[in-house]
Amino acid sequence: MIQIQGIHKWFGTHHVLKGVDLTIKEGETIVIIGRSGCGKSVLLKHIMAILEPDEGDIRIDGSSMFSMKSEEQDQFRLKLGMLFQGAALFDSLTVRENVGFSLLEHTKLSEETISQKVLEKLRMVGLEGVENLMPASLSGGMKKRVGLARAICNEPEIILYDEPTTGLDPINADVINELILSMQKQLEVISIVVTHDMTSAYKVADRIAMLYEGRIIGIGTPDEIKNSPDPIIQQFITGSARGPITDKQQKETESL
Amino acid sequence: MTDWNDLRRTVSVRVWLQKFGAGCLDIFQGAGGIALLFRDTCVLLASKRIRWRATLDQMNKIGVQSLPLVFLTAFFTGMVLALQSAYQLRLFSAQQFTSDLISVSLCRELGPVLTAMVVAGRVGASIAAELGTMKVTEQIDALSTLATNPVRYLVVPRFIAALFMLFILTIYADCIGMFGGYLIAVFKLGMSSHEYIMRGFKALVVKDVVTGLIKAFFFGGIISVVGCYFGFTARGGAEGVGRATTLAVVVSLIMVIASDALFSAIFYFI
């Protein structure tokens, strides 16, 4: 279980997260939606402990990574896997070395065992025969799949997805959605998906939470969110150009 | 009216002070960041888990691939030094001191400083650009998520490689520079080969060579840590990487020259 308690984060004078509270249950897929730049990725990086909050705490199975020493933190991080927005594959390594990175760095398994594990994970994400290619020669969708294979290589208990369908064509986006669902079924992990793609959100989510102005303003099942009376949530999920979000933004721009 | 307001802004003392303050803060933040990265690197260096394969790879990139550039720089500097010193020494009929001057000035000063400058331009820029690109494409965050310390993985191999390679490149530059001077002294100034070599080596004392090599060692550390720091702090896509690269070269050149002055002063009194 993940408990996010009152997370505040400032970047200089910019107050990005203003007290985020969220509890994520075992085996649940939660989708965090919100506008670009509202702090969704920042929240994800806090869960991974790449960023430290200015206030608040995050507890994963009761323990907080922020109070650990850096080596304990590294060990704990192996429980988590993260798929980055641009896949963030290491340019100088082959697909095999990318996917097997944490095994090569942190275990004493033989090259052969690692290769087998890499092939198995690549097969899980629907890729075969690419293990000797360099990331530069892969398409966007393939990069995301290799990124996902790398995230699950260590058999994590929690998988974080940062905008997994952004920049992909609708078919590839749906392939990734299917993969998120199949990971959920096969590995029984907690999945946290950050996105602003509503099709993806409805398809994969057990619950959807909306982040707006640094706070969670609504949380519920996809149906509850669809029928939410909150005009801000309604404007976002219907993708309307007019509504409370844009009105507020316009007022702020005028006051400048 | 707008022009008047622009003018008022330009001459406003408050704006000047704001800019001065912001500049000072940037400098202190950078200096602190570089010092902290240096500390982290040294702590990890002591922990003994070093990636030797990556270190050898970096030694090839930083050292072996810089050889042609260092060769050309040292060779031509040696030649120019011979010509310019002979031009002045001729006034006192002291041309035979050309080789003394070349060997001492190369070993004490020009060998390490020129090598460091050439390497700062070539290697410092490439380290900052590579790490900067990794930073803006989230590869450095990805390293952390895979439970790997980015400083251990990226900085330590570059730091060790730069320390040793600058040391070796400087020895190489000293020899090549003296060879460049030899060609001018023997074929243009009419010195005998024997005289050039004998005088050149006699003029040198162990301290000259050792102080030059100590400097080289430190310059290697400066170039690698500064390059890595600006790579790690790059943000904002291609423009940010470009800015990080420029800053890495400028700051390492300034630090090389400033620390050279400091070392020269220390060694003068020792």
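In chain B, the axes of helix α4 (residues 67-89) and helix α7 come within 7 Å and cross at roughly 40 degrees, where axes are lines fitted to C-alpha atoms, for helices over the stretch in contact, and angles run from 0 to 180 degrees between N-to-C directions. The structure is a predicted model, in which local features need pLDDT of at least 70 and side-chain atom pairs count only at pLDDT 80 or more, while totals for chains, interfaces and linings use all residues. Residues are numbered from 1 along each chain as its sequence is written, and chains are lettered from A and ligands numbered from 1 in the order in which they are written. Helices (H or I, at least four residues) and strands (E, at least two) are DSSP runs, numbered from the N terminus.

At this angle α4(B) and α7(B) are oblique to each other; angles under 35 degrees count as roughly parallel, over 145 as roughly antiparallel, 65 to 115 as roughly perpendicular and the rest as oblique. The crossing of α4(B) and α7(B) is right-handed, a crossing being left-handed if the near helix is turned anticlockwise from the far one by less than a right angle, and right-handed if clockwise. Residues of α4(B) including Val70(B), Phe71(B), Ala74(B) and Phe75(B) meet residues of α7(B) including Leu169(B), Tyr172(B), Ala173(B) and Ile176(B), with contact between two residues taken to mean that their C-beta atoms, placed from the backbone, lie within 7 Å. By class, this contact of α4(B) with α7(B) has 18 nonpolar, five polar and no charged residues, where Ala, Val, Leu, Ile, Met, Phe, Trp, Tyr, Cys and Pro count as nonpolar, Asp, Glu, Lys and Arg as charged, and the others, Gly among them, as polar.

Helix α7 (residues 150-187) of chain B also packs with helix α9 (residues 206-232) of chain B, at an angle of about 150 degrees and with the axes 8 Å apart. The helices α7(B) and α9(B) are therefore roughly antiparallel to each other, and their crossing is right-handed. Among the residues that make the contact are Leu154(B), Val155(B), Arg158(B) and Phe159(B) of α7(B), together with Gly212(B), Leu213(B), Ala216(B) and Phe217(B) of α9(B). The contact of α7(B) with α9(B) has 15 nonpolar, five polar and one charged residues.

Ile223(B), found in helix α9 of chain B, counts as buried, with 33 C-beta neighbours inside 10 Å; a residue is buried if 20 or more other C-beta atoms lie within 10 Å of its own, exposed if 12 or fewer, and partly exposed in between, with C-beta atoms placed from the backbone. Leaving aside neighbours within four places in sequence, Ile223(B) is in contact with Ala116(B), Val119(B), Ala120(B), Val123(B), Gly124(B), Ala162(B) and Ser252(B). Ile223(B) and Val256(B) are 33 residues apart in sequence and 8.0 Å apart in space, C-alpha to C-alpha. Gly190(B), by contrast, is exposed, with 9 other C-beta atoms within 10 Å, and is found in the loop between α7 and α8 (193-203) of chain B.

The contact between the chains takes 11 residues from chain B and 17 residues from chain A, and the chain B side has three nonpolar, six polar and two charged residues. Thr145(B), which lies in helix α6 (residues 139-145) of chain B, is buried, with 25 other C-beta atoms within 10 Å. Apart from neighbours within four places in sequence, Thr145(B) is in contact with Met48(A), Ile50(A), Arg77(A) and Met82(A).

Chain A is divided into domain 1 (1-79 + 157-224) and domain 2 (89-155), with bounds that come from an automatic or database domain assignment. The centres of these two domains of chain A, taken over C-alpha atoms, are separated by 23 Å. Their contact takes 11 residues from domain 1 of chain A and 10 residues from domain 2 of chain A. Helix α7 (residues 170-187) of chain A gives the most to the domain 1 side, with six residues, and by class that side has nine nonpolar, two polar and no charged residues.

Two loop residues of chain A have backbone angles of note. Glu155(A), in the loop between α6 (140-152) and β7 (158-162) of chain A, has a positive phi of about 50 degrees although it is not a glycine, and Glu155(A) is exposed, with 12 other C-beta atoms within 10 Å. Glu213(A), in the loop between β9 (207-212) and β10 (215-220) of chain A, has a positive phi near 50 degrees and is likewise a residue other than glycine; with 16 C-beta neighbours inside 10 Å, Glu213(A) counts as partly exposed.
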